Amino acid sequence: KTTFVLSGRLDTLNAPGFAQKVESDLVSSDKVVFDSTNIEYIASSGLREFLTICKKAQASNTDVLLKGLNPDVKEVFDVTGFSQFFNIED
């Protein structure tokens, strides 16, 4: 299991390349956990990066868990339908 602790904003300034940074852990780990407790905001670019992660994880048979999404960020995942692609834990 590999855990990433995320914080701040996943927007057009800092989201690009996010999926690429975790790619090697996706193929070498059976489970990847994103501790998202400190994510304040997520833009469509951040969601796109998470979708890329989801696709790569499925291809390598890796489970992905999003943990600790704040209510606003969780709502973005719910409204956009992205919640169905991930295991989300409070």
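1. In this predicted model, a charged side chain meets an aromatic ring: R9 lies over the face of Y41, at 4.3 Å from the ring centre.

2. Aromatic pairs deserve attention next. A pair of aromatic rings is described by the distance of the centres and the angle of the planes. The count of such pairs here comes to 9. One of them joins F34 and F50: the ring centres are 5.6 Å apart and the planes stand at 85°, so the pair is edge-to-face. F34 belongs to strand 2 (residues 31–42) and F50 to helix 2, so this contact ties together parts that are 16 residues apart in sequence.

3. Are F34 and F50 buried or exposed? F34 is buried, with a relative accessible area of 0%. F50 is buried as well, its relative accessible area being 1%.

4. F77 and F82 form another aromatic pair, which is edge-to-face, with 6.4 Å from centre to centre and 85° between the planes. Both F77 and F82 are buried.

5. The residues of these two pairs also belong to one aromatic cluster, formed by F4, F18, F34, F50, F77, F82, F85 and F86.

6. A separate point concerns the backbone. Most residues other than glycine have a negative phi. N61, although it is not a glycine, has a positive phi of about 60°. Where does N61 lie? N61 is found in the loop between helix 2 (44–59) and strand 3 (63–67). The residue is exposed, with a relative accessible area of 69%.

Key. Residues are numbered from 1 along each chain as its sequence is written. This is a predicted model: local features need pLDDT of at least 70, side-chain atom pairs count only at pLDDT 80 or more; totals for chains, interfaces and linings use all residues. Side-chain values use heavy atoms; hydrogens and water are left out. Helices (H or I, at least four residues) and strands (E, at least two) are DSSP runs, numbered from the N terminus. Buried means under 20% relative accessible area, exposed over 50%, partly exposed in between (1.4 Å probe, protein chains only). Rings of Phe, Tyr and Trp (its six-membered ring) pair if their centres lie within 6.5 Å; planes under 30 degrees apart count as stacked, over 60 as edge-to-face and the rest as tilted. A charge sits over a ring if NZ of Lys or CZ of Arg is within 6 Å of the ring centre and within 35 degrees of the ring normal.
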